[in-house]
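Welcome to a short tour of a structure. Take a look at the sequence and the coordinates first, and then we can walk through a few places together.

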Amino acid sequence: MSLLEVTDLHVSFPTSDGLVQAVRGVSFRVGRGQTLGIVGESGSGKTVSTQSLLGLTPGADISGSAMFDEVNLLALGEDQMRHIRGAQIAAIFQDPLTSLHPLYKVGWQIAEMIRAHDHSVTKAQARTRAVDLLKQVGIPEAARRVNDYPHQFSGGMRQRAMIAMALSLNPKLIVCDEPTTALDATVQAQILDLLLRLQRDFDTALIMITHDLGVIADIADSVMVMYAGKAAEYADRRTLFYQPHHPYTIGLLESIPGSTGAAERLRPIPGQPPSLINVPSGCAFHPRCRYVMDRCISQTPPLITLESGAGGHQSACWLPAATGLGAEAEELREEAVAAGRTGRAKAVAEATAATIEARGSVA
Ligand SMILES: Nc1ncnc2c1ncn2[C@@H]1O[C@H](COP(=O)(O)OP(=O)(O)OP(=O)(O)O)[C@@H](O)[C@H]1O
Ligand code: SF4
Ligand SMILES: [Mg+2]
């Protein structure tokens, strides 16, 4: 059984402009010691999908279930949630200063976190553990730096300190929400290595949220690609990279610099992520999809299981099941489009082509 099993999660926010449907029926699972990557453009619902599980989306309407070690997180009161957050599920965010208080010493903050969850730990013991944790995450001279304030740490060190804080209570699951976006490439690689090493040592499960497929290429066991609050595609990492099915996933792969996508060149996805108040009809990706067919505009494609891939490859798209980036798969897609695109879809496709033309598709 999975450590975390989320089923049909819906999260919406009533606002003065209307109901923001941030998450529209998402299901995912993470096994012990496993890494799930959640990827998608800005506003696709990645953060809300996980923060809502931790009681961090005040004012939201939430439905579905989220079984964590046989407890439904969505049914917990704030008091019960406080025992789980931090102790069993920790979170690491993009900006360490959202977790590290600028006015308190780094070591003190880690020690307090430990003591808040376990009153039997003395101040001295908690401090020793804080030094150990800082050592584990690679802070040099940890015994001295434990007395530093967050501003005395570099960006990479602050990120490490936040990981130390997340590890302090031996959580079973760590949610990493864009943990390396603000860091340069070398430090980013070091932090990802560190997370992987710690995961192996402690058998911790990870959810890695990112807008960058390149980041999860090395670390995720399985990947959920989100678009407009839904899963567009769900697959083990290998399948996702070599046999993607959903045009949005293909678009993300082609927009990774140096990728070997179908066109072997950088090809940005045209258009903008959609409004989550007025979500496009049918397939929410249809206004940006180069394969758009008539039915895509009127009928929402269900997430169906494809035969490719070991771990249950799923995609929500009306194109035929043949997957991959090769010429054969492309031919099948073109055939389906030729047969399925008549009326309105033609106009949508022409508009999309014009956007691509205007932006220039070759980088
Ligand atoms: N408290 C809130 N009230 C209203 N709308 C919200 C609230 N929180 C999030 N949203 C909206 O929900 C949608 C999904 O947001 P979310 O933060 O999950 O996106 P994301 O995929 O994490 O994007 P990013 O990559 O920019 O972090 C967005 O349209 C966002 O504006
Ligand atoms: S369902 Fe249609 S519009 Fe949506 S991704 Fe597939 S081909 Fe494109
Ligand atoms: Mg986010």
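Helices and strands are DSSP runs, a helix having at least four residues and a strand at least two, and they are numbered from the N terminus. Please keep in mind that this is a predicted model.

**The nonpolar core**

The largest nonpolar core holds 90 residues, and Ile207 and Val225 have the most contacts within it. Helix H6, residues 155-167, gives the largest share of this core, with eight residues. Domain 1 (4-225) and domain 2 (246-257 + 280-362) both contribute residues, so the core lies between them.

Which residues does Ile207 touch, leaving aside those up to four places away in sequence? The partners of Ile207 are Val30, Leu36, Ile38, Thr50, Leu173, Val175 and Cys176.

**Two residues with positive phi**

Now for the loops. Asp69 sits between strand S4 (61-68) and strand S5 (71-72), while Asn170 belongs to the loop between H6 and strand S7 (173-177). Neither is a glycine, yet phi is positive in Asp69 and likewise in Asn170.

| Residue | Phi | C-beta atoms of other residues within 10 Å |
|---|---|---|
| Asp69 | about 50° | 15 |
| Asn170 | near 50° | 10 |

Are these residues buried or exposed? A residue counts as exposed with 12 or fewer such neighbours and as buried with 20 or more. Asp69 has 15, so Asp69 is partly exposed. Asn170 has 10 and therefore counts as exposed.

Terms used
Residues are numbered from 1 along each chain as its sequence is written. Chains are lettered from A and ligands numbered from 1 in the order in which they are written. This is a predicted model: local features need pLDDT of at least 70, side-chain atom pairs count only at pLDDT 80 or more; totals for chains, interfaces and linings use all residues. A nonpolar core is a set of buried Ala, Val, Leu, Ile, Met, Phe, Trp, Tyr and Cys residues joined through C-beta atoms within 7 Å. Domain bounds come from an automatic or database domain assignment. Two residues are in contact if their C-beta atoms, placed from the backbone, lie within 7 Å.
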